[in-house]
Amino acid sequence: MNRGSLKPVIFEHAVLSIGVVYSIFPFFWMIITSLRSSGDAFNSDSLLWPTKWDVVYNYTQALLTTPLPRFLANGVFVCGVILLLQIATALPCAYAIAKLSFRGRTFLTATVICCLAIPFQAVALPLFVGLAQLDLLNSYFALISPFAVSVFAILMLAQYLRGYPDEIIEAARLDGLSEKGILWRLILPASKPAIAAFAIFSVAAHWNDLYWPLIVVTEPDLAPPTLGVLFFRSEESGDQTGPLMAAATIVTLPLVVFFLAAQRRFVQGITMTGVK
Amino acid sequence: MPIVSNLPKAALIAIALGCTSLGSPLSAMAEDVTLDVMYPWPESKSFHEPLAQSFMAANPDIKIKFRLSPPDYTEATLAIARGALTGDLPDVYFSGYSELNAMVETLSKRKQTVPLTPFIEAEGSDWISENFGQALLALGQVDGTQYAIPFNASTPIVYFNADLVKQAGHDPDAFPKDWDGLIKLAQDIGALGNGISGMDFSVGAIESDWDWQATVLSLGGEMVSADGRTVGFDNQIGLDAMKLLQRIANDTKMNVAAKASAYQQQFFAGKLGFFVTSPSSVANFTKTVGGRFEMRTATFPIAAKTGGLPTGGNAVAITAKDQKHRDAAWKYVKFVTGPESQAFVARSTGYMPTNLKAGDTLKEFYAQNSTYATAFKQVGFARPWYSYPRGNSKEIWAAQRQVFDQLQRGSITPEDGLKRLVDATNSLLQN
Amino acid sequence: MTAISQDTMGRYGAMAARARSEQMAFWCIGPAVFLIVVTTVVPFATVLAFSFTDYQLGDAGLNWVGLANFSKALGDPQVRQAVTNTFLFAGMVVPTTVVLALFFALLVNSRTVTRRFYELVFFLPITATMPVMSLVWSFILHDRIGPIARLLQYFELPAIGFFSDPDFALGSIALIAIWQHTCFCFIIFLAGLTTIPKEMYEAAALDGADRGWEKFRRITWPQLAPTTLVAALLTTIRTFQVFELVVVLTSGGPAGRSQVILYKTYLEAFSYLRIGYGSALTLIFVAMVCAISLVQFRIARRQQAA
């Protein structure tokens, strides 16, 4: 970086802002539309700023005519448990793949990659039948269990841990730290940036998942956040654009908050890995 | 782990089920019945909930419990197929007319179907004829057996922007009733410029062959031959239909859309003269348009004297396992298809009522709300929405819509288009 | 344990360390392996079994048909079109996504004050609720009234039928997929960049390599290459699995020009209820993606070893 000279910095900001527009414009339109009357949504003469506001109606419709708050609570619980389970199962496995030598390591890695290639839709039906036979449909268990392990997390954490210096692990072993201790006191804290990154992927994916919940759940009390949006979406009788976008904004907001929390871990991680 | 807490819950349910099967006549509550009801389209909550409320007020011994609503008719059929697989069906189910075949087929494999014949007979000989017309009633039949009673019904109507019609120098009160008039009007609206289009009738843009069936039936044609083995539009009427669709696109410089939402959005933006869709949207569209322009509706042009229109919507079926639930379910079916309920649904959506007596109740409402009345004016033209056997309709449509897309873009002639359409449909009809 | 007793070559200490490593590995991978088997391997094995049958969803019985589903798939022109489209789509999306994400991650990584703002902005698309966002995009790319169309009108350029023109439909969906996946890659790159020790840059600066390009070529790129391959691998898999966007935006049209393999599979299995044929298509899909992924991963490994 050329410190002191301003030109390249301004240039970089200019380039970045092109990306900013591409990234943010759909959200901008979502929020703007949630603030104005449905009729104004497609009014091509006021694309970027509302001429008719309808904030209160849109948001009260979204919050009060649907069980959206309940759906959000379901989302927090389900995504939280899924994330904890995924980290608990993936981190040791990733550590083993990255740092331990054992028979079948190559085979395990190849299997993990192949499992990543299997689309969830393909295994959904057998999983559904299995859960039905155990009489576990319509439960949080059904919503959570298929995602208790994430091959994506294993791959991502293993890749990350490969860069972790072997010397530190060796030194810890010589100091008499048990393998469990290494995992708990060295690997876990060192993996925080990767875990934070993975957490964002995992939570965003399951927060917005509509496919699986609609298969295993027929009980409205267990419905996921995104379903709140569908109450205003209909090819059959026309979308109610204003409340629809209001519901979408409400559903997106917790994810943004979650990102802000994870982002701090991101920054912490940076200072901790300057060990090499 | 918190998830484990669900295991005892499952165990509790198992115990509870065990107890009820032993039977405890002591409790008066045992007389109460809870009906599991499933309807597609989550947004339909707006009229299903109030109906259930008033039903429960009138029948305190029956509780209505709604299942999570599948996002559309197809997903609902899948939910039923899964329910059949695991023996976890709802008690009452609202099936799309075009999906009714598939439902009966799936359920009959495990002998889970519930024909309504005994219930109807128990109501006495006049009950059916007093409440339902034969044409509509046929929508709930599969192979001559009544499996469901029509609940929502709609035939395609025209939605137009009266302001644009005026600007183009036409009279909204004398909206054209034939295609020649509509095409002329669309040309004049399209000539206004400023990104305004005249009309959109992209037959291949919607997820079903509803618009195509409307075109064929309104010209007096049939979807299949009398023996049901080949298509019914491999004739002059079919060719006329193809020519008409291409002429509409060519003469009005129509944007051939890939999805219906494209022209709906353009209409809401005030940049489209008119288009065709279900009257069930009247209430929502009115809200969406707000006061920015005057939205009105008109009947679909029917060219032939014997012409008709395919009826969309859904019918309510009973899928309960035991007699007690079936009896309660029948009460609910009768209630939601009754005159009061039907009038209520018609007022809050735009659907036409399926119950004959509801028409009387709605007379005044229709007189005051002409946008809602259009659908009712077409009741006499309502014909079944033909659905191909063995649940093939969706696959046949996937093949057909590509032909319509090319036809309306002008990349094939109506003659070639018809030949491809007939070949593709017949080969899928016979395999 | 038997393997170790046969291992007469190694010294006792090495053997003990090895045994300890094996034991630790067993406990580390045990839960994950068990869950992978239960939630993925076993269900997928049933898919494998169904692919040799004519099972239809809802049927009470089924027939063994051998390889009939596979030979049908190979001769199905729709499948061929879907496969071609999927590869075309991946060819548009994967390179663009990886390059854009790397580019923006590098730029954002060198920011200090505005870093968190840019991170949030570039992260946003991952929060997208797709049923809503596809509606938003369908408006943004509307060929008459959308903002882009208005822009084209303003500059008096011809209108583009983003979703309705057969030549543009797949490209338009790719544009949205790039939007959807770039944030994903961006986060991976950003996490990767944090693992590069600052000392390396300081050391390089002493050698005079502190200018943007030189710094990138000598330090960042070699350090980031493995991350890049992982990002490419994950993006490839996610891109191949595209289908929700297609469902909402074009339903595979116009004229099948945006039909992709997973949507075709979904239609067969869940719209036409032909689980047998759908399973065969799934199998072909997974075999294809697996092969590509393993090749990419081998390359990544070799790079890392070098």
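Modeller: Residues are numbered from 1 along each chain as its sequence is written, and chains are lettered from A in the order in which they are written. Local features in this predicted model need pLDDT of at least 70, side-chain atom pairs count only at pLDDT 80 or more, and totals for chains, interfaces and linings use all residues.

Colleague: What makes 35 residues of chain A count as in contact with chain B?

Modeller: Contact requires C-beta atoms, placed from the backbone, to lie within 7 Å. By that rule, 35 residues of chain A are in contact with 39 residues of chain B. Helices, which are DSSP runs of H or I with at least four residues, contribute: α5 (120-133), α6 (140-144), α11 (211-216) and α12 (227-230) of chain A each supply at least two residues of that side.

Colleague: Why are β2 and β6 of chain B said to stand at the edges?

Modeller: Strands are DSSP runs of E with at least two residues, and two strands pair if DSSP finds at least two bridges between them. The open sheet of chain B has five strands in the order β2-β1-β3-β12-β6, with mixed pairing. β2 (62-66) and β6 (148-154) of chain B each have a single partner strand, so one side of each is left without a neighbour in the sheet.

Colleague: How do you know that β1 of chain B pairs with β2(B)?

Modeller: At least two bridges are needed, and five join β1 (residues 33-38) of chain B to β2(B). The two strands run parallel, and Val33(B) stands opposite Ile62(B) in β2(B).

Note on methods
Contact = placed C-beta atoms within 7 Å.
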